[in-house]
Amino acid sequence: MAGGINIADLAGHVKDSYEFHFPWGHYELPQVLQTLGISKYVIIEFAAAALMFAIFIPFAKKISGGKQIKGRFWNCIEVFLIYLKDQVIVPSIGSKEQAAPYVPYLWTLFFFVLFCNLGGLVPWMGSPTGSAVVTGVLALVTLTVVIATGIKRHGAIGFWTGMVPHIEGKVGGIELSAVLGPFMFVLEVFSFFVKHITLCIRLMANMYGGHLMLAVFLAFIPMAAWSIFIWLPVTFCVIITAVAVNFLELLVAFLQAYIFTFLTSVYIGMSIHQH
């Protein structure tokens, strides 16, 4: 508790819940939705998916048959797609032929994460990617894709054993690979899973931390309400800071969607091109 403001309450505003906090009051979700586990974040995720359908189905129709896309909005979408494919996905995976099966998934991943991130910039909504549950599922899907890719490419045994780099040389007539191989195998497998765990934590921590920081700044306004001479300059400074933080969060929303997609592409490429 600080100056009448409960810090736990501030964290509650950037967490998932069964109610929306509108400027004119709170709206609690119907009990039937709560029973089904449909929370605020789930609804925002459905909204993000619906927005993707609303954008990309018409986009696909516009470019069908090799048609030239027209309009600033559609050109902007095309720029994002081409940039991701040519500058992120293909270089990370290895070649256009190898990357082709994964391009739709990685496009979908980028825009889903982006739209979920942007939801946090709307005061009465929230960012589902600020939840470890959401980012954990996204990381788990990526882990599944990476393992399936590696097994398809190298076989079930070859995928796991291929993580160990080739070791040459002998010590006292004993092959180094026989001595260091088991240790390296355990280390590489552990590192493999840690990479995907950090994929989850990185996105969640950045989105949750940014929104919590903004909530803390805004909490200074009621804390200074005991004096009008303190409240006015504090409120002015907080509003300026909040606007600046929101622009920063807008950048972070795009950056984190890019990083998640980039690292997923890299991990897929690593499962194809092993040591």
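The legends below describe close-up views of a predicted model.

Local features are given where pLDDT is at least 70 and side-chain atom pairs where it is 80 or more, while totals for chains, interfaces and linings use all residues. Residues are numbered from 1 along each chain as its sequence is written, and side-chain values use heavy atoms, leaving out hydrogens and water.

**Figure 1. Overview of the protein chain.**
The protein chain holds ten helices and four strands; these are DSSP runs numbered from the N terminus, helices being H or I with at least four residues and strands E with at least two. In sequence order the pattern is α-β-β-α-α-α-α-α-α-α-β-β-α-α. Of the 275 residues, 37% are buried, where buried means under 20% relative accessible area with a 1.4 Å probe, counting protein chains only. Among contacts (heavy atoms within 4.5 Å) with a separation of 6 or more, 67% join residues 24 or more positions apart.

**Figure 2. Helix α3 against helix α4.**
Two packed helices are described by the angle between their axes and the distance between the axes. Here axes are lines fitted to C-alpha atoms, for helices over the stretch in contact, and angles run from 0 to 180 degrees between N-to-C directions. The axes of α3 (residues 40-63) and α4 come within 11 Å and cross at roughly 90°, so the two helices are roughly perpendicular. Angles of 65 to 115 degrees count as roughly perpendicular, under 35 as roughly parallel, over 145 as roughly antiparallel and the rest as oblique. From α3, Ile55, Phe56, Pro58, Phe59 and Lys62 meet Phe73, Trp74, Ile77, Glu78 and Leu81 of α4. By class, the contact has eight nonpolar residues, no polar and two charged. Nonpolar covers Ala, Val, Leu, Ile, Met, Phe, Trp, Tyr, Cys and Pro; charged covers Asp, Glu, Lys and Arg; the others, Gly among them, are polar.

**Figure 3. Helix α4 against helix α6.**
Helix α4 (residues 72-93) packs on helix α6 (residues 103-119) at an angle of about 120°, with the axes 11 Å apart. The pair is therefore oblique. On the α4 side the contact includes Phe80, Leu84 and Ile89, and on the α6 side Val103, Trp107 and Phe111. Ten residues of this contact are nonpolar, none is polar and one is charged.

**Figure 4. Helix α6 against helix α10.**
The axes of α6 and α10 (residues 228-272) lie 9 Å apart at an angle of about 155°, and the helices are therefore roughly antiparallel. Residues in the contact include Leu106, Phe110 and Asn117 of α6, and Phe254, Gln256, Phe260 and Thr264 of α10. The contact of α6 with α10 divides into 14 nonpolar, five polar and no charged residues.

**Figure 5. Helix α7 and Ala139.**
Helix α7 (residues 132-154) has 23 residues and spans 32 Å from first to last C-alpha, close to the 33 Å expected at 1.5 Å a residue; the expected span is 1.5 Å times one less than the number of residues. Its buried residues include Val134, Leu138, Thr142, Val146 and Gly150. Ala139 belongs to α7 and counts as buried because its relative accessibility is 6%. Apart from neighbours within four places in sequence, Ala139 contacts His196, Leu199, Cys200 and Phe260. The C-alpha atoms of Ala139 and Thr264 are 8.7 Å apart, although the two residues are 125 residues apart along the chain. Just after α7, Gly155 has a positive phi of about 90°.

Notes: Buried means under 20% relative accessible area, exposed over 50%, partly exposed in between (1.4 Å probe, protein chains only).
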